Amino acid sequence: MTRRATVVGAGMVGLAAASRLLDRGWRVTVLADRPTAESTSHLAAAVWFPTRADPRDRVLAWGSATFTELADQARRGVPGVVMRESLTLHRADPGRPWWTAALGDLRPARPDELPPGYAHGLRFAVPLVEMPVHLPWLAADVAERGARFVTRRLDRLDEAAGAADPAHPADLVVAAPGLAARTLVPDDAVVPVRGQIVRVANPGLTLSVRDEEHPGGRAYVHPRADDVILGGTLDEGAWDTAPDPATAAAIVARCTDLVPALAHATVLGTVAGLRPARPTVRLERGTLADGTPVIHDYGHGGSGITLAWGCADEVVRRADDLGPT
């Protein structure tokens with residue numbers, strides 16, 4: 001008989017897991033309390049870069065696998081996925097940061113590639129995913145391949161196996177509910193990390209630039225097809241999703257330090273979202289109260305897009321270990 005899986009969560013992590021389960025022949029239901037377009041993933045700047053996620057060894061393995069998958073999607077012309085030339089800026093010699101083990105070509109930036117105030121930089125290419133384009137495509141792809149989407153709010157994860165179809169309960173639940181894991185699992189180790197970004201008109205930029213140690217706060221500039229995402233913040237424990245005008249102005253100012261061409265860019269909007277962080281990403285097997293196997297896949301912090309496909313690969317490996325039903 002075909003095995004049935006219910007994936008709880010319709011963001012990037014949940015959809016990647018659903019896609020991989022479909023590849024392995026599972027009958028998949030994606031269960032979420034809101035549409036994909038309302039997920040935190042939809043707001044993400046979505047450039048491959050490990051942010052606020054541990055443990056480092058597993059993050060590097062998941063990130064490397066995701067890099068490979070997204071680079072392949074970019075080559076195949078999957079909507080919203082491109083390889084973006086990138087520059088990280090440093091005031092001191094960074095050596096070779098741990099996460100660069102996942103990259104292909106990497107070289108020191110030339111002096112003429114550095115803005116004033118910077119003595120060092122690294123040049124490389126990484127995947128950029130334009131989420132308002134890619135996420136609807138991925139949801140549609142998963143649906144066209146047979147997944148069923150059900151919008152329903154759960155009070156407890158233990159309800160998940162029979163929530164979509166009580167007559168045919170799932171043989172497996174994949175828990176990818178993002179920040180909702182705090183109450184749904186429940187897991188009080190999950191905390192919000194608020195991120196605010198500013199969207200501006202693109203004045204012709206094609207290079208992604210970041211400085212994780214800017215004196216004013218982390219700064220990144222990510223050009224997309226028709227706009228540029230400027231960020232950002234890592235406000236741990238903050239629940240407020242209302243954009244703060246002073247924070248937005250500070251983001252624009254420090255991003256202009258990195259890319260002076262932004263000085264007169266038109267601001268198109270600003271949003272804030274809550275990243276689902278945890279001391280370590282939780283990816284492990286467990287059991288619900290009714291005995292249904294569950295694979296937890298949450299707590300990715302600011303690295304959901306960076307880790308999603310690598311984590312999905314591990315989800316299906318653990319699902320395959322369950323054997324036939």
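Here are legends for several close-up views of this predicted model.

Residues are numbered from 1 along each chain as its sequence is written, and side-chain values use heavy atoms, with hydrogens and water left out. Because this is a predicted model, local features need pLDDT of at least 70 and side-chain atom pairs count only at pLDDT 80 or more, while totals for chains, interfaces and linings use all residues.

**View 1. Helix α1 lies mostly under cover.** Helices (DSSP runs of H or I, at least four residues) and strands (runs of E, at least two) are numbered from the N terminus. Of the 12 residues in α1, 11 are buried, where buried means under 20% relative accessible area, exposed over 50% and partly exposed in between, with a 1.4 Å probe and protein chains only. Among the buried ones are Met12, Gly14, Arg20 and Leu22. Just after α1 comes Gly25, with a positive phi of about 90°.

**View 2. Helices α1 and α3 pack together.** Welcome to the meeting of α1 (residues 12-23) and α3 (residues 131-144), whose axes are 10 Å apart at an angle of about 35°. Axes are lines fitted to C-alpha atoms, for helices over the stretch in contact, and angles run from 0 to 180 degrees between N-to-C directions. The crossing of α1 past α3 is left-handed, meaning that the near helix is turned anticlockwise from the far one by less than a right angle (right-handed if clockwise). From α1, Met12, Leu15, Ala18, Ser19 and Leu22 meet α3 residues including His134, Leu138 and Val142; contact means heavy atoms within 4.5 Å. The contact residues divide into nine nonpolar, two polar and no charged. Here Ala, Val, Leu, Ile, Met, Phe, Trp, Tyr, Cys and Pro count as nonpolar, Asp, Glu, Lys and Arg as charged, and the others, Gly among them, as polar. An α-helix has 3.6 residues a turn, so residues three or four places apart point the same way.

View 3. The 21 residues of α2 (residues 56-76) should span 30 Å at 1.5 Å a residue, and the end C-alpha atoms are 30 Å apart, which agrees. Look for its buried residues, including Trp62, Phe67, Glu69 and Leu70. The buried residues of α2 pack against α1, β3 (81-90), β5 (120-129), α3, β14 (282-287) and α7. Just after the helix, Gly77 has a positive phi of about 75°.

**View 4. Helix α7 bends at Gly310.** The bend is about 30°, taken as the angle between axes fitted to the seven residues ending there and the seven starting there. In α7 (residues 304-320), 17 residues should span 24 Å at 1.5 Å a residue, and the end C-alpha atoms are 23 Å apart, which agrees. Of these 17 residues, 14 are buried.

**View 5. Some loops hold backbone features worth a look.** Val185 and Pro186 are joined by a cis peptide bond, with omega about -10°; Pro186 sits in the loop between α5 (181-184) and β8 (191-201). Another cis peptide bond, also with omega about -10°, joins Gly231 and Gly232, and Gly232 is in the loop between β11 (227-231) and β12 (235-236). Arg52, although not a glycine, has a positive phi of about 55°. Arg52 belongs to the loop between β2 (27-32) and α2, and counts as partly exposed at 27% relative accessibility.

Conventions
Expected span 1.5 Å × (residues − 1).
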